[in-house]
Amino acid sequence: MKLANVKLILAREVRDQLRDRRTLFVIAVLPILLYPLLGMSLFQMSQFMHVRPARVLVVGGRDLGISPALIEEGRFAASLFSHPKEAERLKPFFPPTDNRLLKKGATAGLPSSAGRNSRKNTAGQASSGTQTPEIRLFQRTDKEESDQWDEARSLVQAGAYEAALYFPADFSVRLEEFRKSLARRSEARAAGEAVDEAFSPDVPQPKISYNGGNEKSLIASVRLTEVLRRWTQRIGDENLKASGLSARTARPFTVDTDDVAGRKSREGVKWSSILPVLLLLWALTGAFYPAVDLCAGEKERGTLETLLSSPAGRGEIVLGKLLTIMLFSIITAVLNLVSVGATGWIVLSRLPGFGLPPPVALVSLAIALLPMAALFSALCLALAALARSTREGQYYLMPLLLLTMPLVVLPMSPGVELNLGNSLIPVTGVALILRSMLAGEYWQALQFAPVVAAVTLVVCLVSIRWAVDQFNRESVLFRESERFDVGLWLRHLLRDRRPTPTVGAAVCCCVLILLIKFYLGSIFDVPKFFGVFARTFIITQIAVFIVPALLLTFLLTSSPRQTLLLKWPSWFAIPAAALLAVTLHPAAKLLQLLVQRLYPISENLRPSLEQIQGLINQSDFWSLVLLIAVVPAVCEELACRGFILSGFRHLGHKWRAIVYSALLFGLAHGILQQSLLASLIGVVIAYLAVQSGSILPGMVFHAVHNTLALANTRVAPEVFVQWPIAKSFATPDDGGGCMFTWPVVVGGTLVGLLLLSLFARIPCPKSPEESLEEAIERGQHADKPLEAEKAACGLAADR
Amino acid sequence: MIHVHELTKNYSDLRRGQFEALKGISFHARSGQIFGLLGPNGAGKTTALRILSTVLRPSSGSATVDGFDVITQSAQVRRQIGFMSANTAVYDRMTGWEMVEYFGRLHGIPREELSERMESLFERLKMNDTRDVLGAKMSTGMKQKVSVARAVVHDPPVLIFDEATSGLDVLVARALLETVAELRDGGKCIVYSTHIMREAEKLCDRIAILHRGTILTEGTLEEVRERHGQHDIEELFFQLISQHDQQSLEHFLSR
């Protein structure tokens, strides 16, 4: 790769974009103008916005005659609020007389801005006490108590009031009786008379009615509850006083709280949920528009062919364009952040607790922006390369945004923490690190930074690889619009079958496997009996692996034998594969333990796994070998190393095929702790399949590997009892199995590597694309004409 | 200079499935000669030239440019050629000068040498009026001149022109043909595809008539005329194409 060419392409593309008014508008003008304008608009709007007090219908509470007063001068007593001004947020409405008044169909004296049906159903009068002929008087009889309560509820339900506060008819009288009885008891106690300790006069409960489906009503109920709590407390204090006791009798102490966070940290925490989201979303948006213009736009304008016939290689072109998109992504994100920060700071600084985010956090934002911009740029570039026109390219923005949004926004929820599991999720890990940095939790952020950096780097590289691949595909670069017809498409699939599946078919199989696995997982409950477990396991294996693999093999390929690698390997491959599984078992066991230490099984999952482990422990060993070793070895191998690996071989590089098929193998295991180890084992099995050209060594390895894993927990304890010398090679572990000693692990791995080197010596069958890539690799390093390479031309060109 | 041997190219679409756009074509083009690739629309000319310029890869067969294989040594091939087609557009937001300079730099020409070369090229092609004009504002003739300049700025031994006069008025087309002839006289190996017979007669030293992915005849103009007993190239063209279509129909019916 010539860096000079990359620089030239970068410089041209940047200049080109800077001359494009649309790009400049989205990248520079929009962020600079948008937020100040929004801020100004909000400021202007705020002058016209004022909080309307919540309307509370108070039935029977106007003149309770209880000290301290709940209502003073027609309002809730200001002393019952944490701040006297807050008293304006609750506006009480009373029936107009001392009696209970509720009206039906009243039109006069309505509270302003009543709900939808308020004109029909509003009850009560404003505190002015105006009465209309429609007002119905309820006499205070026990018979009608429930009617009054129901009436108040229905008015809240209809939206006429945000809440209703109902005092039973005899509330004041009974409370007064309660107080008097307390006073009498106090006097009696003072006079040394006998007091009935069990005596407790009953005071009827006031009720609050609110509408939980209406946010304003909900808030009103919370405020009202708090007011009543304070009022009740004050009444209690007075009661104590009347009994000759101090108010501190009930509350001898108060709790003092101490916030150890500094002011800056408190201010930073507010920013921690805003800035990462903005940064990541704008980095994505900033990448997309230039990507569409640089790929789809070039195709549309016909300049791409000119560039492709220039000495610049495809990798150089992709890198030049990628750097341009990255640059604009970074500029967009930074300008937006600066603009949002400046506007927000001016507006938010008026609010208590908001200040500038900590400088270290700003540095971390800048550092995180680089890999994120690279990732989004590569994804956008690859997607935009698919589009035939800028218009089509813009359609691809939505799915990308929809996929990215949850990864960016969900980590901002208070319940999501930065841990190893979350740090493995692309984008989410970065968002969580940023959140931690902004909140001042530097040590936690640094602890997981290497994992997040590694994951981000891998995803970045895969995305860039994908983008380069797109630029190497004629079917992508020179795609012409074709009317899509399902019938024609199905006919095309069946008519134009190749001996082995295409990459697209392999991806389709992966998606099918994961979807079926997901749905079956939600259908089946955790089995309680071994028979049910065995049946569920076999059905899952067949439905998840065998059905899609065989269905797609017979539908989409012309040679099932070649696709599923159904051929005999070299004579030594099968015993060597079995031996390899044995020699790698100690290392696999160690890795399994390591993974479980790093990522302990979640508490939610543990009971199900323990239940299954219980069933396994009670079952016959050889039945288990058949079920857990042989069945998956056949089903999973046919899908992962048969159909999927054959499809990925058309990518042009065997290691890419091996890694992708192994990743799918890992993902199909469902549980993270299993997936990691399965992916590594998948690499080994796929290598055996590629080198031997047969599925059988992989099946044997898989079966032996699973059998040994079973034996480790089932047989090991007996072995330790019968042959104590075994303890020189292994020690019992917590899970009932055994852990091998370091010499055994190292020795086994070395022998395993030796066996793998034997497989490496087999001249492995190559796909046409792999042969082509190798020929190109050789040709590119030769400045002289390579006559011998001409033979390589007889290959399928469009990969 | 250019050797094409049994070159095939398969495409696939929903309606036709796999089909051959080129059915094993072979030809040679030498230095100091213009090789004309003649054929109607859809004959496979553009596909063949895109393979020679390494934009596409063949399905089978081989092609070398100046000894370099178009598949395995595509980077080396691209350094030997200048490719211009009616489909190749110019960048809307670059001036004529910037565009030619950009491709010159991609070919690794040092800045000073490039500047001198461009001055002389702009003079020779009478395109100084395009120097500071953005691609979006250029006329078709201006764009074609810029494309020619872009294709020859690095002085490649091989030039590939695909329907270069398509859409040009007579004056500009004539000027362009004169330029191509001058380049041939300068010792370049030129492959020139067209469906305009008069252009081919005036310009080409050797021709091949391509129809439905098959070369129907190939040779110098005289050889072709003699072989088919037809002096008028346009008539010869119609005759060969009609014969081929007739044979294809008969072959299809006989199956």
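A crossing of two helices is called left-handed if the near helix is turned anticlockwise from the far one by less than a right angle, and right-handed if clockwise. I wrote that down before opening the model, which is predicted.

**Ground rules.** In this predicted model, local features need pLDDT of at least 70 and side-chain atom pairs count only at pLDDT 80 or more, while totals for chains, interfaces and linings use all residues. Residues are numbered from 1 along each chain as its sequence is written, and chains are lettered from A and ligands numbered from 1 in the order in which they are written.

**Chain A overall.** I looked up the make-up of chain A and found 30 helices and 10 strands. Helices here are DSSP runs of H or I with at least four residues, strands are runs of E with at least two, and both are numbered from the N terminus. Chain A has 799 residues, and 37% of them count as buried. Buried means 20 or more other C-beta atoms within 10 Å of the residue's own, exposed means 12 or fewer, and partly exposed is in between, with C-beta atoms placed from the backbone.

**Confidence.** Mean pLDDT (the predictor's confidence in each residue, from 0 to 100) is 81 for chain A, and 86% of its residues reach 70 or more. I flagged residues 98–140 of chain A, where pLDDT is below 50. Residues 787–799 of chain A also stay under 50. Where pLDDT is low, the predicted coordinates should not be read in detail.

**Helix pair α19/α20.** Next I checked α19 (503–523) and α20 (530–556) of chain A, which pack at about 155° with axes 9 Å apart. The axes are lines fitted to C-alpha atoms, for helices over the stretch in contact, and angles run from 0 to 180 degrees between N-to-C directions. That makes α19(A) roughly antiparallel to α20(A); under 35 degrees counts as roughly parallel, over 145 as roughly antiparallel, 65 to 115 as roughly perpendicular and the rest as oblique. Their crossing is right-handed. Among the contact residues are L512(A) and I516(A) of α19(A), and F545(A) and L552(A) of α20(A). Contact means C-beta atoms, placed from the backbone, within 7 Å. By class I noted 14 nonpolar, one polar and one charged residues. Ala, Val, Leu, Ile, Met, Phe, Trp, Tyr, Cys and Pro count as nonpolar, Asp, Glu, Lys and Arg as charged, and the others, Gly among them, as polar.

**Helix pair α25/α26.** In chain A, α25 (654–667) and α26 (672–692) pack at about 140°, axes 7 Å apart. α25(A) and α26(A) are therefore oblique to each other, and this crossing is right-handed. The contact includes G666(A) of α25(A) and G682(A) of α26(A). I logged 12 nonpolar, five polar and one charged residues there.

S67(A) and P68(A) are joined by a cis peptide bond, omega about -5°. P68(A) sits in the loop between β1 (54–59) and β2 (71–72) of chain A. L565(A) is not a glycine, yet its phi is positive, near 55°. L565(A) is buried, with 26 other C-beta atoms within 10 Å. E6(B) also has a positive phi, about 50°, and lies in strand β1 of chain B. E6(B) is partly exposed, with 16 other C-beta atoms within 10 Å.

**Where A meets B.** Last, I looked up the chain contact: 40 residues from chain B and 41 from chain A. On the chain B side, the elements giving two or more residues include β1 (2–13), β2 (17–29) and α3 (96–106). That side has 14 nonpolar, 17 polar and nine charged residues.

Note on methods
Two residues are in contact if their C-beta atoms, placed from the backbone, lie within 7 Å.
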